[in-house]
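Visitor: I am new to reading protein models. Could you walk me through this one?

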Amino acid sequence: MKRMSARTLRGNLLLLLTALIWGVAFVAQKSGGAGLGAFTIIGLRSLIGSAGLMLVIPLLDKLGLSRKSDSPAQRRTLWRGGILCGLAMFAATNLQQLGLQGEGISEGKAAFITALYIVLVPILGLFLHRRATVLNWLGVALAAVGLYLLCAMGETGFGVSDILLLLCALMFSVQIMIVDRFSPKVDGVRLSCIQFLVVGILNLPLMFLLETPSWAGVQNHLGELLYLGLLSSGVAYTLQIIAQKDTEPTTASLLMSLESVFGALAGWLLAGHAMGGYEILGCVLMFTAIVLAQLPASTLPKRREKNAV
């Protein structure tokens with residue numbers, strides 16, 4: 001058996017930490033959103049995240065972990081990609097926050113439904129003439145059964161909040177496909193910085209028109225805002241960029257998908273939101289679907305060709 005190198009082990013541990021930070025973020029989102037409002041918390045956390053990345057970028061440049069967009073053409077590509085990613089993330093994060101604030105929606109339930117974006121990405125790829133494997137379709141089938149058990153068989157049944165979270169997963173799938181198109185051409189951290197900035201700017205009019213943000217409210221939920229903006233958006237994304245350089249793509253995806261498991265555990269341990277039997281079974285099936293969706297086609301048994309007579 002090939003021994004894991006120190007760099008690979010470090011990368012895997014950093015991705016595990018990234019998934020943990022993102023999982024706990026569901027608790028901060030639900031708590032902060034209840035006090036500040038959906039558009040306010042998404043807008044402020046995005047602006048904080050963008051500002052945090054602006055501070056991190058010079059350091060990454062010095063360490064050689066980022067690349068500058070030197071030519072005008074590269075800068076146009078960076079801003080075009082960042083704005084498109086920001087538009088998709090604007091829809092995804094607001095749908096997620098609105099769904100998470102719904103009655104009977106636990107952090108774990110929201111985390112697992114959101115994680116369906118991993119299953120949806122290969123299916124959406126069909127519109128770009130990319131093939132979906134048997135494992136992808138099996139993942140879709142398991143995800144559908146798991147979603148039924150998690151939502152329809154749960155205590156509150158299938159409601160509007162579940163639909164919002166499903167739409168959130170769809171929009172995250174779109175955002176990932178946009179990132180997939182632009183990330184090979186531009187610096188990933190700068191791309192993320194711009195997308196967070198776009199989300200924050202777009203949320204500003206909504207938070208003032210539809211909600212009543214106050215300085216007292218911000219102070220009361222400053223901990224959640226700093227966690228979401230600096231840790232979940234800034235630190236975790238930077239760790240992901242650094243760690244993926246030393247980790248196999250399939251391993252990286254599997255480790256990051258643990259976000260859904262950590263979200264459920266954090267909701268139970270930190271917020272006291274436990275799940276029923278059907279909901280736990282649904283989560284198990286959905287996590288199995290997530291794992292299957294990330295396995296490469298090479299894991300499938302190859303057909304034996306008949307010998308020519």
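**A walk through the model**

Guide: Let's start with threonine 93, which lies in helix 3 (residues 72–100); helices here are DSSP runs of H or I with at least four residues, strands are runs of E with at least two, and both are numbered from the N terminus. This is a predicted model, where local features need pLDDT of at least 70 and side-chain atom pairs count only at pLDDT 80 or more, while totals for chains, interfaces and linings use all residues. Residues are numbered from 1 along each chain as its sequence is written, and side-chain values use heavy atoms, with hydrogens and water left out.

Visitor: Is threonine 93 buried or exposed?

Guide: Buried means under 20% relative accessible area, exposed means over 50%, and partly exposed is in between (1.4 Å probe, protein chains only). Threonine 93 has a relative accessible area of 11%. Its label is therefore buried.

Visitor: Which residues is threonine 93 in contact with, leaving aside its neighbours within four places in sequence?

Guide: Contact means heavy atoms within 4.5 Å. With those sequence neighbours left aside, the partners of threonine 93 are Ile42, Phe172 and Val199.

Visitor: What span does helix 7 reach from its first C-alpha to its last?

Guide: Helix 7 covers residues 160–182, which makes 23 residues. The expected span is 1.5 Å times one less than the number of residues, and for helix 7 that expectation is 33 Å. The model comes close to it, with a reach of 33 Å.

Visitor: Which helix gives the most to the nonpolar patch?

Guide: Patches are made of residues with over 30% relative accessible area and no salt bridge; like charges are joined within 9 Å, and nonpolar side chains (Val, Leu, Ile, Met, Phe, Trp, Tyr) within 5 Å. Here Trp79, Ile83, Leu84, Leu87 and Leu202 make a nonpolar surface patch of about 420 Å², with areas from the Shrake-Rupley method and a 1.4 Å probe, where only the protein chains shown count as cover for residues. Four of the patch residues come from the top contributor, helix 3.

Visitor: How many disulfides does a search of the whole structure find?

Guide: A disulfide is a pair of cysteine sulfur atoms within 2.5 Å. Cysteine 168 is buried at 0% relative accessibility, and cysteine 283 is buried at 6%. Across the whole structure, the number of disulfides found is zero.

Visitor: How many salt bridges does the count come to?

Guide: A salt bridge is a side-chain nitrogen of Lys or Arg within 4 Å of a carboxyl oxygen of Asp or Glu. By that rule, the count is three.

Visitor: How many residues apart are lysine 109 and aspartate 162 in sequence?

Guide: Lysine 109 and aspartate 162 form a salt bridge, with their closest N and O atoms 3.2 Å apart. Lysine 109 sits in helix 4 (residues 107–114) and aspartate 162 in helix 7, so the pair ties together parts whose separation in sequence is 53 residues.

Visitor: Which residues do salt bridges that share partners join into one network?

Guide: Aspartate 61 and arginine 190 meet in a salt bridge at 2.7 Å, N to O. Aspartate 187 also forms a salt bridge with arginine 190, with the closest N and O atoms 3.3 Å apart. Through shared partners, the network joins Asp61, Asp187 and Arg190.
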